[in-house]
Structure formats: C-alpha cells, structure tokens
There are 2 protein chains.
Amino acid sequence: MTDFPAALSAAAERVETRLQAEIASLPQSTVRDAMAYAARGGKKLRGFLVLESARLHGIGPDRAVAAAAAIEAIHAYSLVHDDLPAMDDDDLRRGQPTVHVKWDEATAILTGDALQTLAFGLLASEDAAPDDAGRLALLGTLAHASGGAGMVLGQALDISAETAIDPLDLAAITDLQRGKTGALIAWSACAGARMAGADPAPLAAYAQALGLAFQIADDLLDIEGDAALAGKRLQKDIAAGKATFVSLLGVEGAKTRARHLVAQAQDALAPYGARADILRQAAQFVIARKA
Amino acid sequence: MTDFPAALSAAAERVETRLQAEIASLPQSTVRDAMAYAARGGKKLRGFLVLESARLHGIGPDRAVAAAAAIEAIHAYSLVHDDLPAMDDDDLRRGQPTVHVKWDEATAILTGDALQTLAFGLLASEDAAPDDAGRLALLGTLAHASGGAGMVLGQALDISAETAIDPLDLAAITDLQRGKTGALIAWSACAGARMAGADPAPLAAYAQALGLAFQIADDLLDIEGDAALAGKRLQKDIAAGKATFVSLLGVEGAKTRARHLVAQAQDALAPYGARADILRQAAQFVIARKA
C-alpha cells in the first residue's frame, strides 16, 4: 500500500511544478514574481485530493494536474487576499512574510486577482480533463464553490460575525466553515468524478466530513499548535474573541467530534473499496497534522 | 439603419438584467448586495461589443448575453479593486460612492473577487455560446485577456510607472494601455467570432485601434471633462504627474491621433460590409463621449 506522506509530497511537487510553469509563462512583472512567491510551498492538500480523485476514476496525473494546479491557485489567491490588512492582517504565511509585507498592498490585491484568473485559465486548457464536457463541469462547479455562493460567501459571513452582537452558534459556524474551507475541499475531492462524468456523491460525502474535521483541526491548532511549525501566527481566534468549534465544544469535545468526522469520511469511501485507502489515510492525517 | 445610442442603451439594459439576475441567484450576503451595486449602471460598452460581434456571426442576443454579462462582471470587478485606497483611492464611481466607501475595504476586496468568479461562472453556463468548444474558447481567452498577461499586467505596469524615475514614453504607454483597457475591449469585440468558431482577425484589428482611441479619449476627458457628467473625479493624472497620451502628444495631437485611430478601426470592418455599421458608429462615439 502506498504510504500517504510520500503520496502527498509527490503530489505537492507535481502540482507545484505545473503551477509554477503556468506562472512563468506570463510576461515578466512584479505581480508575476509575487504570484510565484504566493504559490510556493504549503501542503497542496487540495491538489492531492484532485489527483487521487482522478486516479479513482482511471484518470492519470498528467490529465489531472492542471485541475490540481487550478485549485491550488484559487487557494493561494484566497490566502493572499485574506492576509491583507483590511481582512485578517497577517504578516506571516508558510513561514514567510505575506505578499503585502514583502511587496505592498496594491501588489497583493493584483496578485490575488491574477491567481484567481490563472485558475480558470488552467481549467480551460486542453489537459484539464479528458474532454470538453469534463472541463466545463470543472469550470462551472469551481465558480460556484469559490464565489459568492461558496468560499467568498463564507468569508463574508466571517466578517459579519465579527461585528455581530451575539457570537455564532454551532450551526452558524458549520455554515460558515462549509463556505470558507469546505467548498474548495469538496470541489477537489469530487473533481475526478466530474472529469469522468461519474457520480460524485460518495466523494462529496467524504469531503463534507473531511472539510469539517479539517476546520476543527485548524481551530485546535490555533490553540495548541506551534507557530514555528505552522508557519503562521496562532491564537488569533482567542485574541479576537471569535466563536470557533473549540470555544463551543471545548478542546476535548472538539477532538472527539473531529475523530467521529474522520470515521464518517472514511466510511463514505466504501464504494471504492481498497483503492481509496490513501484517501482514508488523508482523513486521518487532517486531524493529526501540526501545520 | 439602427441608431447607435438606442442600440447601446438596449444592450446595456439586456446585459444589466442578465448580470443582476445572476447576482440575485447567490445566497444573501453583504457581498452580494455590494456586487449588485457595483454592477449597476455604466455604459456597458464591452457588453454591447459582445452582442454586436455575436450578431455579425449570426448569433442572437439570447445566446450572447451571458458572455456580455461576463465581461461586464470582469470590468466591474476591476473598477472595485482599482478604486481601493491601496490602488487609485477613488471615492466616486458612476456618480456614486465607491464600494469601499459605502461599505468597507474588506467588503470591496471580496466583492471584486466574487465578481471575477461570477464572470467565469457565466461563461461556463449553457447559454454562453452555441456549443462547448465556443464556451471553452471564450473562457480561455478571457483568462488570458484579464489576468497576468492582460488587464492585471497593465495595472502592474501602471503601478511600476508611478515609482519609476523616468516618465513613460509613447511606446510604454501604448503597451500599458493594451493591457489595462485594450485587452478586455479586444476580447469583447472578438467574442462573437470565437463563439462561432470564425476568424476573429478583422474584429481584433478593429478593437486594437478602438481600445487605443478609447484610452486617448479617457485621457482627454481627464483634462477637459465635466466631473458631474463623468461621475468620477477628474484631473487625477495631472495631479499625480502621470505620463498620458495627452501629456506626450498635447491636446490637439491626441485628438488627431484619436481621429486617425477611429478611421483605422472603421476600415478594419470592411469584410463585414454594411452589417457592421453600428460598430463603425461605436468607434465614432468612443471619442465623442462625455463620460
């Protein structure tokens, strides 16, 4: 059986190479330099999910890497914009100064903008899926998952919550998470099925539980994590008085919930049998990670 | 012969209706409200060009309006981000407070982000072109025209120019314009040919001259225009000491150049005969407009 950490790092390298090649093909500019910088590093978990989901549907990495690079470009754009002073105001990301610190705010805004554009350009390219229908399915669903009905909606709810009088309850936090991190994770896990024109339902169920577990782990990391390992500032949620899964469930309650979600994610993969073992390991990893 | 102002306003209404319907279909959020606000009004010249270009290729407005709405969503996103304090720092747009003034910077960043996403979502939708190949051609070329090789590149060059020691010369200003405004105008004018799988070369030549004339007219408007009619602050270029077509050619020189470009744009439409008369009028309008 393939070992998950090895598979993840092989996927990360493959996805990063494709993404950097796409950025390098743009004309020289400060924004291009900042795009390359922002796209560098990270776990590339979303890209890994795309490649694994494609493999489950008989689509090799050469035909899936463009889509994997696309979702990582969307993820990178969201981080660059999230880190801006008007948003989360973070100066450290993946252990390095954030884009607006290294360059300036205008460059960070344009860099996020161009990374988003690059993602859709990648999905429109010939190697993003075996056929036109697959490419269009990926494009339409990514627009839905990342825009005003998905990731951006989650961020908008997050901002509204900061000025709301009552802290969010568990249902509201779950809704917010579904947009902020869940939608891109779900898109990634379902991508292979969409490329192949197959039913994405089992992978969607897997991703829904996985995304929630991922967010709970993130909230736990914010409390218990090591900033040096995480490569970003921690304990920001407490400082901001934000409601999180941990503030609502307690540390032990959150850990129990995360373990249940991992089991649920793993069960959802039953239709794929042993071929999905690496995705089962991925679910385990999501709650054990230190960064 | 159809009268150009009537055709433009009919197109604007049709495009705005489609764009607002798309925005209204998103879940309620502050960002959705701000998207609707940012997409309202304006000439919708780019959307008009898409509809006319489609008509020249036998594609009716029902099959072209999604693409026209998409380019207007891209244009609106670029204005919202351009107006931010870190960029041009404008408080007035289309006669109304800009998005970050009416709401806040975080909302403006997310609103621009989600408008860009919406544009690609619109192009992936069933009614964006007669067939899958047409939709993918529109998607790939829009990513190229609006991203780090097109519009965003133009904006990056514009920012670099502000801190450069030597002011830009005519060749550099032309390059910058080709990205900043030219690329979206060219995409719009060529859209119908791309939907139909036809050669976009004559429309590309039309658009290249038109886009340059449009920018020269914009520079003239900044000097000679009426801020109340324009709905935005003027004389910003002079205040910022920026090199423009007018600072390099003089007012009369710029007007002469613009007239030549209009004639050039009109000549490029020869292959379409009288069917392109409305696009010839559009070229004339671009240098006569007051807003």
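Visitor: How do you know that the copies meet through the same surface?
Guide: Of the interface residues of chain B, 100% are also interface residues in chain A, so the copies meet through the same surface. Contact means heavy atoms within 4.5 Å. This is a predicted model, in which local features need pLDDT of at least 70, side-chain atom pairs count only at pLDDT 80 or more, and totals for chains, interfaces and linings use all residues. Residues are numbered from 1 along each chain as its sequence is written, chains are lettered from A and ligands numbered from 1 in the order in which they are written, and side-chain values use heavy atoms, with hydrogens and water left out.

Visitor: Why is T244(A) called buried?
Guide: Buried means under 20% relative accessible area, exposed over 50%, and partly exposed in between (1.4 Å probe, protein chains only). T244(A) has 8%, so T244(A) is buried.

Visitor: What makes W103(A) partly exposed?
Guide: The relative accessibility of W103(A) is 25%, so W103(A) counts as partly exposed. Y37(A), at 15%, is buried.

Visitor: Why is the pair of F4(A) and F48(A) called edge-to-face?
Guide: Rings of Phe, Tyr and Trp (its six-membered ring) pair if their centres lie within 6.5 Å; planes under 30 degrees apart count as stacked, over 60 as edge-to-face and the rest as tilted. By this rule there are seven aromatic pairs over all chains. For F4(A) and F48(A) the centres are 5.3 Å apart and the planes at 80°, so the pair is edge-to-face. F4(A) and F48(A) are both buried.
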